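Visitor: I would like to learn how to read some features of a model like this one. Could we go through them together?

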Amino acid sequence: MKKLFIINIFFFLVALPLRAEESGSGVYHLKGQYAGELGVASLGFGKRFTSWYKLTGMYGYVPAWDDAHAIHTIALKQDFKLWQINSNLQSYFDLTILHAFGNLMQPTLKEEGQSLWDSINNSSEAVLALGGEYRFKNVALYSEIGVLGHWLFYYLGNTDTVTLADSVTITFGFNYYF
């Protein structure tokens, strides 16, 4: 998992030096999302840096159900345009780097002697997804299907500890472009 965390940080640092394509600074779009890897509902603001890349910072929330605690997440969603079918319809590849506050996403409690690094690393995740967006004027609807990054590492390691069915994520949402 340490490798996954380091890879996530690398992708984040690669995105920082890119220059914004729009004249002037500020927010390019508002993104809302239902379901998926970030929680039941999430909201964020983003910016397009090139004609093929945009970055969105998001906050997600999962309410407390049964006797569980509510879960709060933060994420960076990076969208890389694959192809544009017409002026309204496009597909893209998405890399999301997310973190859940605390160690609440893990099925086991924090073990005695667990380091701070392990606690942070256990609550961080990457998601690789393919998405499609249909835009009309300033509003776009999108859908994504993806896989959690930890499954890829388990799969590459030839272990069946985590199944693909447990790691698939489906997301629906909207973008409002300013």
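Visitor: Is Y134 buried, partly exposed or exposed?

Guide: Buried means under 20% relative accessible area, exposed over 50%, and partly exposed in between, with a 1.4 Å probe and protein chains only. Y134 has 40% relative accessibility, so Y134 counts as partly exposed. F136 is partly exposed too, at 39%. A word on the basis: this is a predicted model, where local features need pLDDT of at least 70, side-chain atom pairs count only at pLDDT 80 or more, and totals for chains, interfaces and linings use all residues. Residues are numbered from 1 along each chain as its sequence is written, and side-chain values use heavy atoms, leaving out hydrogens and water.

Visitor: How many aromatic pairs are there?

Guide: Rings of Phe, Tyr and Trp (its six-membered ring) pair if their centres lie within 6.5 Å; planes under 30 degrees apart are stacked, over 60 edge-to-face, and the rest tilted. That rule gives 8 aromatic pairs. One of them is F80 with F93, tilted, at 6.3 Å centre to centre and 35° between the planes. F80 belongs to strand β4 (residues 71–84) and F93 to strand β5, so this pair ties together parts 13 residues apart in sequence. Strands here are DSSP runs (E, at least two residues), numbered from the N terminus. Y134 and F136 are also tilted, because their ring centres are 5.8 Å apart and their planes lie at 45°. Ring pairs also join F49, W52, Y53, F80 and F93 into a cluster.

Visitor: Over which ring does the charged end of R135 sit?

Guide: The test asks for NZ of Lys or CZ of Arg within 6 Å of the ring centre and within 35 degrees of the ring normal. R135 sits over the ring of Y177, 3.9 Å from its centre. Likewise, the charged end of K31 lies over Y142, 4.3 Å from the ring centre.

Visitor: How do the strands run in the closed barrel?

Guide: Strands of a sheet pair through backbone hydrogen bonds, either parallel or antiparallel. Two strands count as paired if DSSP finds at least two bridges between them. Here 8 strands, β1-β2-β3-β4-β5-β6-β7-β8, form a closed barrel with antiparallel pairing. Strands β2 (residues 41–50) and β3 (residues 53–62) share 9 bridges, and G44 has M58 in β3 as its bridge partner.

Visitor: Which residues make up the largest nonpolar core?

Guide: Such a core joins buried Ala, Val, Leu, Ile, Met, Phe, Trp, Tyr and Cys residues through side-chain atoms within 4.5 Å. The largest one has 6 residues: L38, M58, A75, L98, V127 and L148.

Definitions and conventions: Helix = DSSP H or I, 4+ residues; strand = E, 2+ residues; numbered from the N terminus.
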